[in-house]
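Thanks for asking me to look this one over. Please keep the viewer open as you read, and follow the points in order.

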Amino acid sequence: MENSSPVPLIELRDIRKDFGTTKVLKGINLNINSNEFVTLLGPSGCGKTTTLRIIGGFESPTSGQILFQGKDITSTPPYDRSTNTVFQSYALFPHLDVYDNIAFGLRLYQSDEPREFPDDGQPLTFKEKVQKLFLKKTKHLTEAEIAEKVNKAISLVNLTGMEHRNVGHLSGGQRQRVAIARAIVLRPKVLLLDESLSALDLKLRKEMQYELKELQRSTGITFVFVTHDQEEALTMSDKIVVMKDGNIEQVGTAEEIYNEPIDRYVANFIGDSDILEGKIIDEKHVEFGGEDFYCGEHRFPVDAVVDVLLRPEDLDIVYPSKGKLVGIVDSIFFKGVFYEVDVKLPNEGIITVHTTDYIPVGKTVGLTFSTEDIHLMEQM
Amino acid sequence: MAFHVNNIKKQKTNGKGFKANATLFSATPYFLLLMILVLLPFIFIILYAFMSKSASKIYLTLDNFSKFVTNGNFVAAAGKSLLFAFVTTVICLILAYPIAYFIGRSKAKVRSLLVTLITVPMWINMLLRILAWQQIFGMISSWTGITLLGTDFAIIFGMVYIFLPFMIIPLYTSIMKIDPAFYEASKDLGADSVETFFKVSLPLSMPGIISGITMVFLPAATSIIIPQELGDGNSKYILIGNLIESYFYKGDDYYFGSAIAVVLSLTLLLSIYLVNKLDRTNVKDRSFVKKYAKFGYEKALEGGNR
C-alpha cells in the first residue's frame, strides 16, 4: 500500500531550532513512514518535544525543512496540517463536555469543494452572493454527520455513556481517552502524542500502552509518540528514535536499539547495561577484563579502544573454574523477579548480573556469557 | 465503660461547641460593621422611599414612586443614564479586550509593568482628571471651533476614560489564567485565529467579561461628577446620579431622593441579572467555570475529582 511508496510521509531535513542562545535542535534528519508507530525517546531537554511541536506546527524551525508527502509544510500553520496532537496536559476545553470536545474539530471542518448554488432561475440572496464571492470552502458537516463520527470515536475509546460528562469530572485515564478521541475523530494522517502517558499511574499506563498500539493498528494512523520512558518505547514502537542534546543518536526497531546500541549513551538509556573498556586484538577477537574473547566479525580497526556492552540478564554466575571472568560478590539486592548481584572484578570495577539464585556477599564467582552477547560500541 | 463513652461524647460536643463559638465570636465585629455600614443605610433608604412629610407629620406613602414614574424628566434621566452606561460599557469592552488579551499573554515582567501603567492614572483623584479633560476639551474647542463640552461625546469619552481600567483588570486576570495549551489545541483541531478567539478565548474569559461589565456599568450608570463637569451645565446631561445628589444635598427631600435610588438599584439589579443569564446560556457548566475562574484550571479539575 502506501508503505511501498518511495516518499516518506514526513521528512525532517536538517531541522535546527534555537531558543535565544540555546541550541535545542542541532540538525535533525528523520523519515517517518505511513502506518508507523514512531517513538522519540530521550531524557528531558533532549529536544524530543520540540521536534514534535515542529511537526505539529506549534514551533517553526530556525532552519531546515519539513516535508509532508514530499510537499514542504515548514510554514504551514497547525490548522492546515494533517496532524493532530494529544497534549501532555490533554488541553480539554473546560467549557465543553465530552461530546462537544470531540466534536470541536468536526464542527470547524470545511470541505475543499465550494458550495454549490442551485441554478433555478431564482436570484441569489445577498448572503449567498457574499458566500459565492468570498468563501471558497463552505461545505460543512451536518450535526447528524458529526454525531455519527463522534459516537464512533467515543465507542472506539470506550467512553460510551459519558458523552455529556463535564471534562473536569473525569479521571486522568478518561481525560486522556477524550483527548485521543478528539484527535483521531478528524482522521489525521499523523497523530502526535506528547508524553501522553506520563500523568497516569503505572497500571493504567501499561493498559494504555497496549490500547494505543491496538488503536494505531486498527486506524492505520501514523503515531509519533514522545516519551522519556524506555519501557514505553520498547513496548509500542515500530521505530525508536533515541535523542540526545538536540541530536538523533540512533534510529531503529526496538530490537535493534536494545541489542545493538550504537554507543554507551543509548545502551545506558535503554535497559540495564555493563560496559567495560576493551581493545581490538584482530578481526575476530577483543580483549577486556584481562582476557581475550572471540567476538566474530566487527567493524573496528586493530588496536582500537572500544566499549564492550554486556546485558546483566545475559550473564550467568558459575563456579570460578568455569567462568570467563572471575570476581567477588560485592552486594546483592532482591528485585522481585531476580536478584541484582554486583560482582567486583580484580581490575575492572563492577559488573551487574541479574540472576534468580541467591549468592552470599564475599563469595568468589565466575561469570559466563555467549559470544553473541558481546556487543562492541564506539567509545564516545 | 458507660462512663467512659459518656465522657468522650461530652468532650466531643464541648469541642465542637467551642469551635462554633470561636467562629461566631471572631466574625461578630465584621457582621456588626456590615450591619451598620451596609444593611442599616439600605433599610433606611427603602423606608425613606415609602415616606413623605407634610407640615410636621411624617407618613407612609407611594407618592414618591408615582411622582417619579409620572414625571417624564425623571424617567428620561434614568433612561439616559442607562443608555450612557450601556454605550460606555460596550466601548470599554471593545477597547479593553485586545489590551487585556495582550497583557494576559505577555511575560510576567512585561505584564506587571503594563498593569502598573494602566492603574497609574487611578492614583490621581478622579475629579482632578475629569477637570483636566474639561480644560482640554475647552482648549480644543477654542482652537478648532468644534464644541466638545456639553455633548454626548464628552460624557461618553469621560466615562470610558475613567472606567476603562475597571474593564481591563478583570479581563486580563481571566485571560491570563487560560492555559496556552487550549489555544494550541484549538489550532491543532483546525481553528484559525478568529475561530479560536470565538470558540476558546471568549467563552473561557467569560467570567472576566461579566465582572468587567458589572464593574463598568454600575458606576457609569450612577456617576455624578462626569456628567456634571463635562456636561457644561447643560440640563440635558442631568443624569440619575445628579438627580439623587440634588435631592439629598441641594434640596431637602430625602424621601424622593431615596425613591429614585431604590428605582435605580432595582433597575441595575435587573440588568446585572440579565447579563449573568446571558453568560449562563453560553457556558454549559457554571460551577466548573466559576471554580476555573477562581482557582485556575488544574485546581478546578482537582476540585471536580473530589
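**Notes on the two chains**

1. Let's begin with F163(B). Setting aside neighbours within four places in sequence, F163(B) is in contact with T88(B), C92(B), V216(B), P219(B) and A220(B); contact here requires C-beta atoms, placed from the backbone, to lie within 7 Å. Please bear in mind that this is a predicted model, in which local features need pLDDT of at least 70 and side-chain atom pairs count only at pLDDT 80 or more, while totals for chains, interfaces and linings use all residues. Residues are numbered from 1 along each chain as its sequence is written, and chains are lettered from A and ligands numbered from 1 in the order in which they are written.

2. Which residues touch the most other members of the largest nonpolar core? They are A181(A) and F163(B), in a core of 144 residues. Helix 6 (residues 152-176) of chain B gives the most to this core, with 14 residues. Such a core is a set of buried Ala, Val, Leu, Ile, Met, Phe, Trp, Tyr and Cys residues joined through C-beta atoms within 7 Å. A residue is buried if 20 or more other C-beta atoms lie within 10 Å of its own, exposed if 12 or fewer, and partly exposed in between. Helices (H or I, at least four residues) and strands (E, at least two) are DSSP runs, numbered from the N terminus.

3. Now for a helix pair in chain B. Helix 3 (residues 72-104) of chain B packs with helix 9 (residues 206-222) of chain B at an angle of about 145°, their axes 8 Å apart; axes are lines fitted to C-alpha atoms, for helices over the stretch in contact, and angles run from 0 to 180 degrees between N-to-C directions. On the helix 3 side the contact includes T88(B) and C92(B), and on the helix 9 side V216(B) and A220(B). By class, this contact has 11 nonpolar, 4 polar and no charged residues, where Ala, Val, Leu, Ile, Met, Phe, Trp, Tyr, Cys and Pro count as nonpolar, Asp, Glu, Lys and Arg as charged, and the others, Gly among them, as polar.

4. Not counting residues up to four places away in sequence, P227(B) touches I155(B), Y237(B), L239(B) and N242(B). By contrast, P227(B) and L204(B) are 23 residues apart in sequence and 35 Å apart in space, C-alpha to C-alpha.

5. Over in chain A, an open sheet of 5 strands runs in the order 17-21-18-19-20 with antiparallel pairing; strands pair if DSSP finds at least two bridges between them. Its edge strands are strand 17 (316-318) and strand 20 (349-355) of chain A, each pairing on one side only. Strand 19 (residues 339-345) of chain A joins strand 20 of chain A in the antiparallel sense over 7 bridges, and L345(A) has G349(A) as its bridge partner.

6. Finally, a backbone check. E195(A) has a positive phi of about 45° although it is not a glycine, and E195(A) lies in the loop between strand 9 (190-194) and helix 6 (202-219) of chain A. E195(A) counts as buried because it has 20 C-beta neighbours inside 10 Å.

Technical notes
Two residues are in contact if their C-beta atoms, placed from the backbone, lie within 7 Å.
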